[in-house]
Amino acid sequence: MAIEKASSPKSPQPIPKEEVTDSPTEGHLDEEKLKKFYIGSIDQGTTSTRFIIFDGLGQPVAQHQLEFTQNYPHPGWHEHDPKEIVETVELCIEQATQDFLDQGHEIEDIKAVGITNQRETVLVWDRETGEPLHNAIAWPDTRTKGLVRQLKEKEGADELKNICGLPLSTYPSSVKLVWLLQHDKAVKKAYDEGRLVFGTMDTWLLYNLNGGKEKNVLVTDATNASRTMFMNLETTEYDDRLLDFFKLDRKKLTLPKIVPSSDAKEFGTLAKGLLKGIRIAGCLGDQSAALVGQQAFKPGRAKNTYGTGCFLLYNVGEKPVISKHGLLATVAYDFGGKRKPVYALEGSIAVAGSGVKFLMDNLGFISSSNKISELASSVEDNGGVVFVTAFSGLFAPYWIDDAKGTIFGITQYTEQGHIARATLEATCFQTKAILDAMEKDSGHKLAELAVDGGMSSSNLCMQTQANIIGIPVDRPAMRETTALGAAIAAGFAVGVWKEFDELKEINQKDRVVFEPNISAEASAKMFKKWSRAVEMCRGWVDTDESNGEED
Ligand SMILES: Nc1ncnc2c1ncn2[C@@H]1O[C@H](COP(=O)(O)OP(=O)(O)O)[C@@H](O)[C@H]1O
Ligand SMILES: O=P(O)(O)OC[C@H](O)CO
């Protein structure tokens, strides 16, 4: 993919350091002033990259989005080309910024850029050359199934969750890195020679956007680091007990420095293009960014983002809560300075929009994702079909590694519409199971669920969700909450806002609330059938994709 080298006469100078302090703005900025502040946001998701420029009122004024290649080299494997992803980011920045300029704005009005990204995805590169040593192993990849089984037998395995908040599964970064060290000679050699850099997508992007090995910016924020299994949740620092468990030697492996999610210095500046010299001042894993974008700043607030996967985060405040019911404990956000890190309980669903994409790309049911509601509405109900979309095993709260996608209840009566409906319902049922677990862990019942992400555009899906969980589902008109969250983190670092209260009007207009419209009995009956289907999709005997041997 070619990228135009954009050396514009309008290229800005870096923001002078003295303008950037912990509390640079005195008092509340009025609406007119806020309209003139702009913040760029890079949203590097699992299937697409986008760059959105927001004004100080949280309205997008310019944006560009590009899909990139999904590589599935073997069943259960899922990879991305690290360089292609950087190219999409650079291209999106150039296109959206050009549009911004064409609207008559000045680059100097862009105060900072934030980054948000798919989490857990593992990248490895050579610190001497800056070149990737392997494709990125994407978060839904299940090649580590066999390895996870072995690690679970190891002494200390049960303790990991209490330190880092995550249970052993194919999902976090740790097992993907260990797999690479065991299976890729170049990666192992670089490690033995002390040249190996490990990073999640944020670190890879920050490294490259800052200019690569010359600047050698190697940082991650606490939300991304909390998905690796290498970070102690309480201290937000690497923990040797975790690294020792995975037999990782810090003398041989370069790990990025962990910093707060909102920071005007650590993330560096953009090294080229129209935004050359602009400060990167915010960085959050995408689900954390969505929580910030939805302004779920108070304990007890939650959001559910229906993107490629679906992730429900519930703010638990300044102390992590280790789940006893199949959820993850994670850093929700860390705005640094005098603010303490805030934690969340998380329910992660591996397949949401990717189920819709599967019906489109693999089964040819629809020509574009937004046609799914029409197809699902062509029938009155699911016709007895339940689809457990366990393409990556089943994540929260079940954690069934050996589950496979399974469709139950097919008869001669079954039409495409029934399967389409069952696909949307699968995410809604899993969300219900997560909410039940969250209620047990937190002792608190959610009053309503804030939603966003691509699949939340489906009214049918959101109505179904309200019916299945029995509480209202509240959807904003502007659904780029993930990108907005990263912009907010960056904006705080450079003083566009300084108190969360100043954000409270953002994205509140024209929200749609879906009220439950079926009886609790009808809803419970549907969920019971789903729970049976989950039990029945366990224990698939398969070849172990990591080494081709029988399980
Ligand atoms: N109208 C729609 N109805 C249902 N699913 C949709 C719709 N629009 C997009 N999607 C799904 O949403 C996903 C993209 O959402 P997005 O939030 O952009 O995800 P990501 O950040 O993971 O790339 C795709 O998997 C797509 O299939
Ligand atoms: O690409 P998304 O939006 O489904 O998010 C991916 C998550 O960060 C994976 O943990």
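1. In this predicted model, residues 38-293 are 32% helix and 24% strand, and the end C-alpha atoms of that span lie 16 Å apart. Helices (H or I, at least four residues) and strands (E, at least two) are DSSP runs, numbered from the N terminus. The UniProt record, an unreviewed entry, annotates residues 38-293 as "domain: Carbohydrate kinase FGGY N-terminal". UniProt positions follow the numbering used here, feature names are shortened, and annotations may be inferred rather than shown by experiment.

2. Over residues 303-493 the chain is 35% helix and 20% strand, with the end C-alpha atoms 24 Å apart.

3. The protein chain is divided into domain 1 (34-294) and domain 2 (295-475 + 511-536), with bounds that come from an automatic or database domain assignment. Taken over C-alpha atoms, the centres of domain 1 and domain 2 are separated by 25 Å. Their contact (heavy atoms within 4.5 Å) takes 38 residues from domain 1 and 39 residues from domain 2. About 3200 Å² is buried between domain 1 and domain 2, and carbon and sulfur atoms give 58% of this area. Buried area is the accessible area (1.4 Å probe) that two parts lose on being put together, summed over both.

4. Two packed helices are described by the angle between their axes and the distance between the axes. For helix H5 (residues 173-183) and helix H6 (residues 185-192), the axes come within 6 Å and cross at roughly 100°. Axes are lines fitted to C-alpha atoms, for helices over the stretch in contact, and angles run from 0 to 180 degrees between N-to-C directions. H5 and H6 are therefore roughly perpendicular to each other; angles under 35 degrees count as roughly parallel, over 145 as roughly antiparallel, 65 to 115 as roughly perpendicular and the rest as oblique.

5. In H5, Leu-180, Leu-181 and His-183 meet Lys-185, Val-187, Lys-188 and Tyr-191 of H6. The residues of this contact comprise four nonpolar, one polar and two charged. Ala, Val, Leu, Ile, Met, Phe, Trp, Tyr, Cys and Pro count as nonpolar, Asp, Glu, Lys and Arg as charged, and the others, Gly among them, as polar.

6. The axes of helix H13 (residues 416-442) and helix H16 (residues 520-536) come within 10 Å and cross at roughly 95°, which makes H13 roughly perpendicular to H16. Residues of H13, including Phe-429 and Lys-432, meet Met-526, Phe-527 and Trp-530 in H16.

7. The peptide bond from Ala-396 to Pro-397 is cis, with omega near -10°. Pro-397 is found in the loop between strand S19 (386-388) and strand S20 (406-408).

8. Residues are numbered from 1 along each chain as its sequence is written, and chains are lettered from A and ligands numbered from 1 in the order in which they are written. Local features need pLDDT of at least 70, side-chain atom pairs count only at pLDDT 80 or more, and totals for chains, interfaces and linings use all residues, while side-chain values use heavy atoms, with hydrogens and water left out.
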